[in-house]
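Subject: Structure handover

Hello,

Here is the structure I promised to pass on. Please look through the sequence and the coordinates first, then read the notes below.

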Amino acid sequence: MIANFPYIVSQLIQPFNLLLMIAGTAVGIIFGAIPGLSGTLAVMLFMPLTYSMNAGTAVIFLLALWIGGCSGAFIGSVLLGIPGSASAVSTCWDGHPMSQQGKSGKALAIGMFASFIGTFFSAIIAGFCSEFVADVAFLMGPWEYFALCFVAITMVLAISKGNMFKGLASACIGLLFASVGYSPIDAVPRFVFDNMYLMSGLGMTIVLIGVFSVSTIVVAYGKGFGALPEVDTKSVRGLGITLAEFKEQIGNILRSFLIGLGIGFLPGMGSGLSNLVAYSSAKNASKNPESFGKGNPAGIWAPEVANNASIGGAMIPMAALGIPGDSTTALLIGALTIHGLEMGPMVFKNSGHIVYLMFFTVAVVACLVLVMQIFGIRLFPQILKIPYHYMYPALLIISLVSAYVDSGSLYKCGMMLAFAVVGIFMAYAGLPTAPLILAFILGPTLESNMLKAFQYTGSAATFFTRPISCIMMIIGIGCVFSPIIRTIIAKIRKAN
Amino acid sequence: MKIKRDQAAGAVLVILGIIVFVMTNQFSVPFTLSYPGPKALPMIAAVGFIICGAGVFLEGCREKPEEEKPFLTKEGWMKVLVAMVILAVYVFAASLIGYLIVTPFVTYALTTLFAKGSSSTLKGRIIFSVLLTVIIYVIYIYVFGLSLPSGALF
């Protein structure tokens with residue numbers, strides 16, 4: 001790690017990189033704060049901009065977007081009562097009541113400091129743990145990698161909104177998209193229809209921007225934007241938290257941090273779950289659980305520390321195993337592949353300097369976010385007042401431009417519009433989006449490891465005879481059948 | 001009888017599954033238990049579509065026959081269609097006459113469309129459309145050295 005310091009410092013102090021870090025963080029915060037947008041969408045839209053950058057600059061820019069997005073999500077929750085993204089759902093429950101009581105400044109300050117603590121310390125832990133996890137990963141074969149990918153997808157299914165069939169259907173769409181092009185190992189053309197644009201498979205940017213960005217905006221327009229939300233601007237002043245109040249929350253912060261880090265580490269899980277678990281843990285541990293939901297500061301500390309601690313947690317399997325901790329890290333794995341960085345245990349040997357740059361960047365961006373948020377607290381209400389009729393056309397144009405930059409072809413921009421139709425269908429059918437992202441990005445890894453495993457042993461039984469693989473497969477299968485299992489358990493409890 | 005959203009979505013998924021299944025069976029490398037080959041992944045997707053589609057359809061049938069809130073009104077679907085057509089025209093026009101000429105017009109059309117019912121001025125929309133076009137152009141071309149469509153006619 002220490003040997004990489006000169007490279008890391010040289011990258012972080014470059015004026016262009018610093019400028020991109022500040023711009024990325026600001027854009028990320030804006031995307032995170034506005035309900036309907038997210039840091040994931042920011043990474044998706046601006047990823048093609050990094051194609052002309054060197055790997056270090058690209059890492060700094062993409063991570064700034066991601067961290068900014070994660071750290072900005074609480075703004076909408078506190079000021080509007082509408083979460084900026086799924087990671088800040090439970091922040092609404094106490095953040096907005098505090099805001100309604102005229103304590104917006106305090107609620108926002110808690111969100112800022114909680115986000116900083118979660119992100120900064122989880123990045124440091126990730127930096128120390130990842131190489132150790134990577135060493136363990138050298139012992140893993142294609143069976144374990146297949147099982148890990150399988151678990152990553154199925155765990156998202158287990159927590160996906162709506163019924164299980166919809167989550168699975170979304171994952172199947174992802175697998176189908178991942179199948180297009182020449183198959184791994186056998187090089188058989190699949191679903192290419194003699195079209196040269198399909199031979200190399202579907203581009204990640206084209207699919208994801210079409211399915212998520214364009215369709216979301218178009219559907220929002222179809223539903224009608226309505227009036228801009230009312231935001232309380234008067235009580236957004238000062239920070240209003242004292243050291244004594246902070247000390248009171250140390251137990252809550254520590255518990256939430258560990259919950260966030262642990263859930264982030266699990267493949268496929270992320271801040272969307274950790275904030276909910278941390279909130280309920282804080283409520284259960286509290287002496288005044290009835291005060292939750294009425295503006296209890298602990299109800300902001302817990303989810304905000306946890307969802308940001310999931311960042312570091314998710315980075316460990318991302319760097320060490322090449323398995324994403326959540327949908328944004330799945331995107332980042334794809335983006336880094338474009339820059340020639342194959343995440344996984346070998347990355348520490350081949351590109352260790354970039355991996356450690358990632359961890360340092362997250363820590364530095366966490367500090368930058370805190371500074372920007374402290375000085376920009378009065379601007380938060382303005383972010384939520386950006387008129388839809390300017391913001392959405394701009395995002396649509398950027399989506400199309402990104403699709404063009406990604407592929408260098410307007411034909412693929414047309415394809416992106418076709419994927420937007422898929423996205424509209426998914427919104428109509430109520431299919432969740434996270435399983436598609438994970439299945440589409442993990443599909444090639446899942447398939448190539450599955451085929452390699454069969455080539456080595458010629459039997460599916462090996463997936464269950466190797467201990468790690470067996471445990472993962474059982475967890476994965478358990479996740480698929482979790483709704484049925486939950487129903488049976490509930491019935492047994494009721495009968496007793 | 002009015003078809004529910006889940007029923008329609010389930011039926012589409014089942015049909016998609018059948019199509020994928022039939023197409024997958026045409027791949028030359030056979031599927032065997034000792035080596036599933038290139039058919040495995042799309043086959044998993046196909047079977048998944050059929051099972052999930054049937055599940056979603058049946059869930060839709062089980063739901064109470066209460067009035068389901070429509071996903072979009074007729075007017076809403078028209079808005080979606082118009083927005084998609086504008087984007088398709090944008091892609092086609094950009095391939096002919098390039099990014100710089102088409103983008104301000106399309107941005108203006110979109111802002112005007114999206115601004116219906118809210119307060120915005122003609123001047124504001126025009127300035128925004130031109131500014132957005134120029135800012136994106138400068139960032140992509142001069143800052144990052146990327147290329148944007150120049151148009152087949154130029």
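**Confidence and conventions**

Chain B has an average pLDDT of 89, and 97% of the residues score at least 70; pLDDT is the predictor's confidence in each residue, from 0 to 100. The model has an ipTM of 0.93 and a pTM of 0.82. This is a predicted model, in which local features need pLDDT of at least 70 and side-chain atom pairs count only at pLDDT 80 or more, while totals for chains, interfaces and linings use all residues. Residues are numbered from 1 along each chain as its sequence is written, and chains are lettered from A and ligands numbered from 1 in the order in which they are written.

**Where the chains meet**

On the chain B side, 56 residues are in contact with 52 residues of chain A (contact: C-beta atoms, placed from the backbone, within 7 Å). At least two residues of that side come from each of helix 1 (5-24), helix 2 (40-62), helix 3 (74-97), helix 4 (99-114) and helix 5 (122-143) of chain B. Helices here are DSSP runs of H or I with at least four residues, strands are runs of E with at least two, and both are numbered from the N terminus. The side of chain B that touches chain A consists of 39 nonpolar, 14 polar and three charged residues. In this scheme Ala, Val, Leu, Ile, Met, Phe, Trp, Tyr, Cys and Pro count as nonpolar, Asp, Glu, Lys and Arg as charged, and the others, Gly among them, as polar.

Leu410(A), in helix 20 (residues 410-429) of chain A, has contacts in both chains: leaving out residues up to four places away in sequence, Leu410(A) touches Tyr404(A), Val91(B), Ala94(B), Ser95(B) and Pro149(B). Leu410(A) counts as buried because it has 23 C-beta neighbours inside 10 Å (buried: 20 or more other C-beta atoms within 10 Å; exposed: 12 or fewer; partly exposed: in between; C-beta atoms placed from the backbone). From Leu410(A) to Ile259(A) is 151 residues in sequence and 45 Å in space, C-alpha to C-alpha.

**Two helix pairs in chain A**

Helix 2 (residues 15-33) and helix 3 (residues 39-46) of chain A pack at about 130 degrees, with their axes 8 Å apart. Axes are lines fitted to C-alpha atoms, for helices over the stretch in contact, and angles run from 0 to 180 degrees between N-to-C directions. That angle makes helix 2 of chain A oblique to helix 3 of chain A (under 35 degrees is roughly parallel, over 145 roughly antiparallel, 65 to 115 roughly perpendicular, the rest oblique). Val27(A), Gly28(A), Phe31(A) and Gly32(A) of helix 2 meet Gly39(A), Leu41(A) and Ala42(A) of helix 3. By class, this contact has four nonpolar, three polar and no charged residues.

Helix 4 (residues 55-79) and helix 5 (residues 91-100) of chain A have axes that come within 7 Å and cross at roughly 55 degrees. That makes helix 4 of chain A oblique to helix 5 of chain A. Phe74(A), Ser77(A), Val78(A) and Leu79(A) in helix 4 are in contact with Thr91(A), Cys92(A), Gly95(A), His96(A) and Ser99(A) in helix 5. These residues divide into four nonpolar, five polar and no charged.

**A loop to look at**

Phe193(A) is in the loop between strand 2 (189-190) and helix 9 (196-199) of chain A, and Asp194(A) lies in the loop between strand 2 and helix 9 as well. Phi is near 50 degrees for Phe193(A), a positive value in a residue other than glycine. For Asp194(A), also a residue other than glycine, phi is positive and near 55 degrees. Phe193(A) is exposed, with 9 other C-beta atoms within 10 Å; Asp194(A) is exposed, with 7.

Regards

Notes: Contact = placed C-beta atoms within 7 Å.
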